[in-house]
Amino acid sequence: MSIVLKLDMPEGAFSALRKEPSEFAKELRLAAAVKWYEMGIISQEKAAKIAGLTRAEFIFSLGKFGVSPFQYTVEEIKKEISDH
């Protein structure tokens, strides 16, 4: 099941971005999913679902946005290793 959202955009936005509305909507979903993942709000699995991608496709897409697929900092990883 899905929910349809209505988003009002100025007509010129699509020509300025050189995108068709459907392509824009797909990219908007991906951008939102990447940002929410980067912020630690959602998991990779949930982000991939929001973006309409497989998890592997989503992980690959993270690189296009300069976002690491890992949600741990170096300090967190070091602490995790030292605790074991």
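At what angle do the axes of helix 2 (residues 21-38) and helix 4 (residues 55-64) cross, and within what distance do they come? Keep that in mind as we go through the views of this predicted model.

**View 1. The crossing of helix 2 and helix 4.** Here is the reply: the two axes come within 11 Å and cross at roughly 85 degrees. Helix 2 and helix 4 are therefore roughly perpendicular to each other, since angles of 65 to 115 degrees fall in that class.

**View 2. Residues at the contact of helix 2 with helix 4.** Helix 2 brings L30, A33, V34 and Y37 to the contact, and helix 4 brings F58, S61 and L62. By type, these residues comprise six nonpolar and one polar, with no charged residue among them.

**View 3. The aromatic pair of Y37 and F58.** Searching the whole structure turns up one aromatic pair. The ring centres of Y37 and F58 are 5.8 Å apart and the ring planes stand at 85 degrees, so the pair is edge-to-face. Because Y37 belongs to helix 2 and F58 to helix 4, the pair ties together parts 21 residues apart in sequence. Are these two residues buried or exposed? Both Y37 and F58 are buried.

**View 4. The setting of the close-ups in the whole protein.** Stepping back, the protein has five helices and zero strands. Its radius of gyration is 16 Å, well over the 12 Å that the globule rule gives for 84 residues, so the protein is more spread out than a compact globule. The C-alpha trace spans about 55 × 30 × 20 Å along its principal axes. Buried residues account for 19% of the 84 residues.

Note on methods:
Residues are numbered from 1 along each chain as its sequence is written. This is a predicted model: local features need pLDDT of at least 70, side-chain atom pairs count only at pLDDT 80 or more; totals for chains, interfaces and linings use all residues. Side-chain values use heavy atoms; hydrogens and water are left out. Axes are lines fitted to C-alpha atoms, for helices over the stretch in contact, and angles run from 0 to 180 degrees between N-to-C directions. Helices (H or I, at least four residues) and strands (E, at least two) are DSSP runs, numbered from the N terminus. Angles under 35 degrees count as roughly parallel, over 145 as roughly antiparallel, 65 to 115 as roughly perpendicular and the rest as oblique. Contact means heavy atoms within 4.5 Å. Ala, Val, Leu, Ile, Met, Phe, Trp, Tyr, Cys and Pro count as nonpolar, Asp, Glu, Lys and Arg as charged, and the others, Gly among them, as polar. Rings of Phe, Tyr and Trp (its six-membered ring) pair if their centres lie within 6.5 Å; planes under 30 degrees apart count as stacked, over 60 as edge-to-face and the rest as tilted. Buried means under 20% relative accessible area, exposed over 50%, partly exposed in between (1.4 Å probe, protein chains only). The radius of gyration is taken over C-alpha atoms; the globule rule is 2.2 Å times the number of residues to the power 0.38.
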